[in-house]
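Hi everyone, thanks for making time. I'd like to walk you through one structure today, so let me put it up on the screen.

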Amino acid sequence: MERTQHNVSADPAGTSPFPRPRAPLALAAAVLLLAGCATLTPAQQDKLADYKLFAHRVTQAYGKPDIQIMVGDSNAYGDGVSLMRPDGWMILSPTVLTPVTGRYAGFAYSRDFAFAHELGHYVTNRFGCGPNCESAVNVEAVKILTVGRPDFWTSEQRAFNHSVSFIWSLKELQDKGRPVVKGHWTACQEIADLVAHYPAYGGKTC
Ligand SMILES: [Zn+2]
């Protein structure tokens, strides 16, 4: 069983493609809700161990201390939240740890980009610095994928393809009305930026 930690303040700075609360009050509420106890299924425990190993490889490569992963539900954040804080704590919803279903069923690593993006904030020490920064973290995330899971993201091209594909799925959500996350460009702009940073790999833009 993973027990969530008390008295840890959620930091809005690390941003991911997932929706974030925007008001400090909402953040405070999220902290309180994190104080519960998340009981993980064996599959979720396996996935958490997998992510921890991923993160360890990355922090070692970047010469940073290991991160701590806190698993907890937060009504304020909603399902699927991923949040990296400057002090090395990452907050993951148990939802992120559940087996992938639907369109990406069978592709166990289809969420790796989001995880790599959060690690990107930590290893580059860039937090809350706006759209340019978020896009720079996306660029770093491509490299982080190859470091964190080298047996699967066996090349930068492969990691790049996954990253662009991930942001494309976000673009589809935005087309359906999902708001652009504060501090980010639109998914289309982020795709264009990422493609521009890796011109050798091609990549479909909007
Ligand atoms: Zn971010």
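So, how many helices and strands does the protein chain have? There are 7 helices and 3 strands. Going from the N terminus, the order is α-α-β-β-β-α-α-α-α-α.

Before we get into details, please keep in mind that this is a predicted model. The mean pLDDT for the protein chain is 81, and 77% of the residues get to 70 or more.

Now, the inside. Of the 206 residues in the protein chain, 34% are buried. If you take contacts with a separation of 6 or more, 61% of them are between residues 24 or more positions apart.

Let's look at the largest nonpolar core. It has 35 residues, and the ones touching the most other members are Ala-116, Leu-119, Ala-141, Leu-145 and Ile-167. Several elements give two or more residues to this core, including helix H2 (42–62), strand S2 (82–84), strand S3 (89–92) and helix H5 (130–148). Which element gives the largest share? That's H4, with 7 residues. As a general point, nonpolar side chains in soluble globular proteins tend to be buried together.

Skipping residues up to four places away in sequence, Leu-145 touches Asp-112, Phe-113, Ala-116, Trp-153, Ala-159 and His-162.

Some of those names come back when we look at how H4 meets H6. The two axes are 9 Å apart, and the helices pack at an angle of about 100°. Angles of 65 to 115 degrees count as roughly perpendicular, so that's what we call H4 and H6. On the H4 side the contact uses Asp-112, Phe-113 and Ala-114, and on the H6 side His-162, Ser-163 and Phe-166. By class, that contact has 3 nonpolar, 2 polar and 1 charged residues.

Next, a few single residues. Asn-138 sits in helix H5. Is Asn-138 buried or exposed? With 25 C-beta neighbours inside 10 Å, Asn-138 counts as buried, because the cut-off for buried is 20 or more. Setting aside residues up to four places away in sequence, Asn-138 touches His-117, Ser-163, Glu-190 and Leu-194. Asn-138 and Phe-113 are 25 residues apart along the chain, and their C-alpha atoms are separated by 8.4 Å.

Then compare Asn-125, in the loop between H4 and H5. Asn-125 is exposed, with 9 other C-beta atoms within 10 Å. Asn-125 also has a positive phi, about 55°, although it's not a glycine. Most residues other than glycine have a negative phi.

Last one: Gly-203, in the segment after H7. Gly-203 is buried, with 21 other C-beta atoms within 10 Å. What is Gly-203 in contact with, leaving aside neighbours within four places in sequence? The answer is Phe-160, Val-164, Val-195 and Tyr-198. From Gly-203 to Ile-191 is 12 residues in sequence and 8.4 Å in space, C-alpha to C-alpha.

Methods. Residues numbered from 1 in each chain as written. Predicted model: local features only at pLDDT ≥ 70, side-chain atom pairs only at ≥ 80, totals over all residues. Core = buried A, V, L, I, M, F, W, Y, C linked by C-beta atoms within 7 Å. Buried ≥ 20, exposed ≤ 12 C-beta atoms within 10 Å, placed from the backbone. Helix = DSSP H or I, 4+ residues; strand = E, 2+ residues; numbered from the N terminus. Contact = placed C-beta atoms within 7 Å. Axes fitted to C-alpha atoms, helices over the stretch in contact; angles between N-to-C directions. Parallel < 35°, antiparallel > 145°, perpendicular 65-115°, else oblique. Nonpolar A, V, L, I, M, F, W, Y, C, P; charged D, E, K, R; others polar. pLDDT = per-residue confidence, 0-100.
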